[in-house]
Amino acid sequence: MDRCNELCTKEATGQCVLCAALAERDRFIGWWLQGGFLREGVRAMQPSVSRVGEAHKAVVWRAIAALWHQGQFEVLEEVMAPTSVYHTSHTVEDGGREVHGSDGVRRVVAAWRSAFPDLRFTLEDLLVEGDKVVARWTCRGTHQGVFRGMAPTGKRVTFTGMTLYRMAQGKIVEQWTEEDGVSLCQQLGFPSA
């Protein structure tokens, strides 16, 4: 297009606002037809989604490293909502239950750390989808304290599990853990295993 209309100022000034607007419109229409508009919109959203996912992963890793590995219970308020619920298939005290709030989680972690002071989780996978984080892990430790009524055996154990975390406002509000308690009990030599 040489001139947009009879009032075009392109010849006199070298530029015309209307010509520029029409050219931009044509570029936008071409881009839209090729799917670029949608692609760019999704691309523009991805960094914020990615940042949220990375933030969720960081909170989960902080909870594992600070609480389970180091026993830093002061981190509880930072990583867990006060009304959090922890659903587990296997605890130190009994065969599985719900634990509510920071105090409940503190008791569970302290009991595990007392029985297995060198307890360490290796994250095999850590996936984020929306407000959920899934961790597939391997846990290792040495039985050096009372565990479910059994005196310390000094045995080194390895067991696996998965935990699904639900996040809200940057904190863990709910989690579900399924671990291989049968394998753990067999390694320790529990009579019922």
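# Chatting through a predicted fold

Visitor: Glutamate 174 first: buried or exposed?

Guide: Glutamate 174 counts as buried, because its relative accessibility is 17% and the cut-off for buried is under 20%. Keep in mind that this is a predicted model.

Visitor: What does glutamate 174 form a salt bridge with?

Guide: Its partner is arginine 166. The closest N and O atoms of the two are 3.2 Å apart.

Visitor: And what is the relative accessible area of arginine 166?

Guide: It is 27%, so arginine 166 is partly exposed.

Visitor: Which residues do salt bridges join into one network?

Guide: Glu77, Asp103 and Arg106. Their salt bridges share partners.

Visitor: Where do arginine 106 and aspartate 103 lie?

Guide: Both sit in helix H5. They are three residues apart, which is about one turn of the helix. Arginine 106 has a relative accessible area of 28%, so it is partly exposed.

Visitor: How many salt bridges does a search of the whole structure find?

Guide: Eight. One of them pairs aspartate 131 with lysine 132, with the closest N and O atoms 3.4 Å apart. Aspartate 131 is partly exposed, at 33% relative accessibility. Lysine 132 is partly exposed too, with a relative accessible area of 28%.

Visitor: Let's zoom out. How many helices and strands are there in the protein?

Guide: Six helices and six strands.

Visitor: How do the elements run from the N terminus on?

Guide: The order is α-α-α-α-β-β-α-β-β-β-β-α.

Visitor: What share of the residues count as buried?

Guide: 38% of the 193 residues. As for the surface, the protein exposes about 11,100 Å². Carbon and sulfur atoms supply 56% of that area.

Visitor: What about contacts with a separation of 6 or more: what share comes from residues 24 or more positions apart?

Guide: Such residues account for 51% of those contacts.

Visitor: On to the inside. How many residues has the largest nonpolar core?

Guide: It has 37 residues. Those with the most contacts inside it are Trp68, Trp112, Phe116, Phe147, Tyr165, Leu184 and Leu188.

Visitor: Which helices and strands each supply at least two residues of this core?

Guide: The helices are H3 (36-69), H4 (76-79), H5 (101-115) and H6 (181-188). The strands are S1 (80-88), S3 (120-129), S4 (132-142) and S5 (156-168).

Visitor: Where does the largest share come from?

Guide: From H3, with seven residues.

Visitor: What does phenylalanine 116 touch, not counting residues up to four places away in sequence?

Guide: Gly141, Thr142, His143, Phe147, Val157, Leu184 and Leu188.

Visitor: How many residues apart in sequence are phenylalanine 116 and histidine 143?

Guide: They are 27 residues apart in sequence. In space, the distance is 5.0 Å, C-alpha to C-alpha.

Visitor: New topic: rings. How many aromatic pairs does a search of the whole structure find?

Guide: Eight. One of them is phenylalanine 121 with tryptophan 137. This pair is edge-to-face, with 5.0 Å centre to centre and 85 degrees between the planes.

Visitor: Why does that pair tie together parts that are 16 residues apart in sequence?

Guide: Because phenylalanine 121 lies in strand S3 and tryptophan 137 lies in strand S4.

Visitor: Are those two buried or exposed?

Guide: Both phenylalanine 121 and tryptophan 137 are buried.

Visitor: And what do phenylalanine 147 and phenylalanine 190 form?

Guide: An aromatic pair, edge-to-face. The centres are 6.1 Å apart, with 90 degrees between the planes.

Visitor: Which parts of the chain does the pair link?

Guide: Distant ones, 43 residues apart. Phenylalanine 147 is in the loop between S4 and S5, and phenylalanine 190 is in the segment after H6.

Visitor: What is the relative accessible area of phenylalanine 147?

Guide: It is 0%, so phenylalanine 147 is buried. Phenylalanine 190 also counts as buried, at 13% relative accessibility.

Visitor: Last one. Which residues form one aromatic cluster?

Guide: Trp68, Trp112, Phe116, Phe121, Trp137, Phe147, Phe159 and Phe190.

Technical notes
Residues are numbered from 1 along each chain as its sequence is written. This is a predicted model: local features need pLDDT of at least 70, side-chain atom pairs count only at pLDDT 80 or more; totals for chains, interfaces and linings use all residues. Side-chain values use heavy atoms; hydrogens and water are left out. A nonpolar core is a set of buried Ala, Val, Leu, Ile, Met, Phe, Trp, Tyr and Cys residues joined through side-chain atoms within 4.5 Å. Buried means under 20% relative accessible area, exposed over 50%, partly exposed in between (1.4 Å probe, protein chains only). Helices (H or I, at least four residues) and strands (E, at least two) are DSSP runs, numbered from the N terminus. Rings of Phe, Tyr and Trp (its six-membered ring) pair if their centres lie within 6.5 Å; planes under 30 degrees apart count as stacked, over 60 as edge-to-face and the rest as tilted. Contact means heavy atoms within 4.5 Å. Accessible areas come from the Shrake-Rupley method with a 1.4 Å probe; for residues, only the protein chains shown count as cover. A salt bridge is a side-chain nitrogen of Lys or Arg within 4 Å of a carboxyl oxygen of Asp or Glu.
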